[in-house]
Amino acid sequence: MEIFRAMIAFIEVFMFSLGIIPVDTNINYGGDEYVAPVIETPLYIAEDGVSDYFIVADTENDECIATAADELQTYLEKICGVSLPVVSESSLPEGGKAIALGETAISDSVQFDYSVIKEDGFLLHSDGENFIIRGEDSRGTLFGVYTFLEEYLGVRWFTPTLEVVPENDDVIIDKNLHRVVEPSFSVRRNDAMGTNEAYRARTKMNVSFHKNAEKYGGTLTYSLWDASLLTLVPKSLFSEHPEYFAVGEDGNRTTDHVCLTNPDVLDLVVENAREIMTNATNGAKFIHIGQDDNINYCRCENCEALYEKYGAVCAPTIIFTNNLADILGPEFPDYTFTFYAYNETDRPPTDTSLKCRPNVAPVLCGLHKACRSHSLLQCGAQDGDDSFINLYGDPEPTIAEDFRVWTEIAEKTYIYDYTINFLLSAQFFSNFEYMQETMAYMHDIGITGYIYNCGDGHPAAFNELRNYLLCKLQWDVNADVEYHMNDFLKAYYGEEAAGYIKEIIDIQTAQIKATAHAFDFDWHYQSGYYPIHTMIKLDLLWEKALNSDITEVQLNNVEIANLSWEFFKANQMQLEYFFLNPFRMLEQEWLYDELDAHGMDRVSSFSIIPEKDDINFIQRPIMWE
């Protein structure tokens, strides 16, 4: 029966590829429909370019509140031309109207329990005259300022270098405004190209890994991150202490991994971690246990016994991190100890009596094996299985279920998401349709943090759009993706080009969903299969976008996006790159020159494109490494 269903699915893919069955390009990107703030009874902060309001804030004693006041003053002046004075509460003139930021007597006068607001959340409230923005803490107040500027006044921070500030003589809110806003995830990371502290805060992200950013309310910061066992148990110890390291499949010790059941390894890690945590100067409250990037885990007798007992290779990692937290937790009570659930450790224990301590959080990396062109709740995992049954059958959605189990055994769980195909990072990656559904599922099962790694140091493949949407969804998993997508496309590519590019995204998303899976690490360079008439239609849409009435900067953005399509066609050897075209080499040389002219020095995360003289242009671009 399984092989029969797989054959039927394969036939459908074949027919979609030839265009015998047309794909449905009416994509539902998810989220609740966007509703603009309603003003029933207007309260004018500024009217006809004039304001009698003051910004009331404790700028002397709170650096983050000072930033909030400065940002509010700066952007209000950009909008309406009025620079509102920033004063302390004691300096507010009698009868003066206030925009009160943070903890003030004005905000205390509201009959509201601020302690119930989640971390980074805030209250927006009007008492009919004064306007209050107050967060659970100072960072929440800053995020409240950014939300007010964005949602009520139309300011946009699309990328670290692209902001849009509308001009309006009037600044109006509803006189009866009362709204509590809280984030969907408590831990949020933005990894857009060129991200800085200001952009991170403006998109309401709170993870930097390495720098605390006190000016913007501080961030989730590590004293040690990533493959940290290489630091905590240096490979240089191998000659003297081979027993610290893993027993490989061949029975010999290897420095590929550490043996986490050796008690001397725990003692060593405690000693080294204590020193790192004590000497951290970046305000860190997190330390990470991360294995090297391979699957050569320990096969010693003690480790194998734990694999067998708890039904998963992650068992020694959980126990080890729990022990580390038990020892160092009392000395560092504000710390959270995290570990990777990655590669061999990504599956949770089948015996769920093994639980993480309250101050221990797994960082779940399993999405790098998930198909992104189909629902996480319906499609299976790649996991190195390219068999006919796995690709076209009805595999179990193991990754979604694994995440659910992890939330049962850990109070805090963080997703580490990979959001492009790193092996082919210059090519369109079809994950837009199911981003919202995936993140909503994570939130609903109790995932508490969402960290993502996106980009590859260039803006091709719609990376800037993807980063913007991910930030929106990390803050609110029910955000209207299509609304925010269109909003971004108009600003980034220009009003006239935006419609063409939106249609391109819809077509590619639909075609890939109908004919292929999309994985984060996959040499599946086709990225879906297109009938010739669809490829011609896409070519015409790109031509219209490139010839739109837009600015030079927007045109450059369109050109970069188009290179992902050209890269795909060249690898497919379709249209002008057809293998019998006598000018194909010249077309590929043109593609190389365009990549170079637009700052694209790689088409894969793992290699730089060689110098032009070193390339054989008979080869497809996938071979340019």
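In the predicted model, the side chains of E482 and K502 meet in a salt bridge, with 3.0 Å from N to O; a salt bridge is a side-chain nitrogen of Lys or Arg within 4 Å of a carboxyl oxygen of Asp or Glu. E482 lies in helix α14 and K502 in helix α15 (residues 495-515), so the pair ties together parts that are 20 residues apart in sequence. Helices (H or I, at least four residues) and strands (E, at least two) are DSSP runs, numbered from the N terminus. K502 is buried, at a relative accessible area of 9%, while E482 counts as partly exposed at 27%. Here buried means under 20% relative accessible area, exposed over 50%, and partly exposed in between (1.4 Å probe, protein chains only).

Residues are numbered from 1 along each chain as its sequence is written. Because the model is predicted, local features need pLDDT of at least 70 and side-chain atom pairs count only at pLDDT 80 or more, whereas totals for chains, interfaces and linings use all residues; side-chain values use heavy atoms, with hydrogens and water left out.

A search of the whole structure finds 31 salt bridges. One of them joins the side chains of D487 and R156, at 2.6 Å from N to O. D487 lies in helix α14 (residues 481-493) and R156 in strand β7 (residues 156-159), so this pair ties together parts that are 331 residues apart in sequence. R156 is buried, with a relative accessible area of 12%. Another salt bridge is formed by the side chains of D539 and K569, at 2.8 Å from N to O. D539 belongs to helix α16 (residues 532-546) and K569 to helix α17 (residues 552-572), so parts that are 30 residues apart in sequence are tied together. K569 counts as buried, at 0% relative accessibility. Elsewhere, salt bridges that share partners join E119, D120, R139 and R188 into one network.

The secondary structure of the protein chain comes to 18 helices and 20 strands. With 625 residues, a compact globule would have a radius of gyration near 25 Å, and the 27 Å of the protein chain agrees with this. The radius is taken over C-alpha atoms, and the globule rule is 2.2 Å times the number of residues to the power 0.38. Along its principal axes the C-alpha trace spans about 80 × 65 × 50 Å. Of the 625 residues, 57% count as buried. The accessible surface comes to about 26,100 Å², of which 49% belongs to carbon and sulfur atoms; accessible areas come from the Shrake-Rupley method with a 1.4 Å probe, and for residues only the protein chains shown count as cover. Among contacts (heavy atoms within 4.5 Å) between residues at least 6 apart in sequence, 73% join residues at least 24 apart.

Helix α12 (residues 435-445) is mostly covered, as eight of its eleven residues are buried. The buried residues of α12 are M435, Q436, T438, M439, A440, Y441, M442 and I445. Their cover includes the helices α11 (398-409), α13 (463-475) and α14, together with the strands β19 (414-418) and β20 (449-453). Just after α12, G446 takes a positive phi of about 105°.

N343 has a value of about 55° and is placed in the loop between β17 (336-341) and β18 (360-364). At 15% relative accessibility, N343 counts as buried. L575 likewise has a positive phi of about 55°, in the loop between α17 and α18 (584-597). L575 counts as partly exposed, at 23% relative accessibility.

A further loop, between β3 (86-87) and β4 (97-101), contains L92. The C-alpha atoms of L92 and V56 are separated by 7.3 Å, and the two residues are 36 residues apart along the chain. Leaving aside neighbours within four places in sequence, L92 is in contact with F54, V56, V87, K97, A98 and I106.
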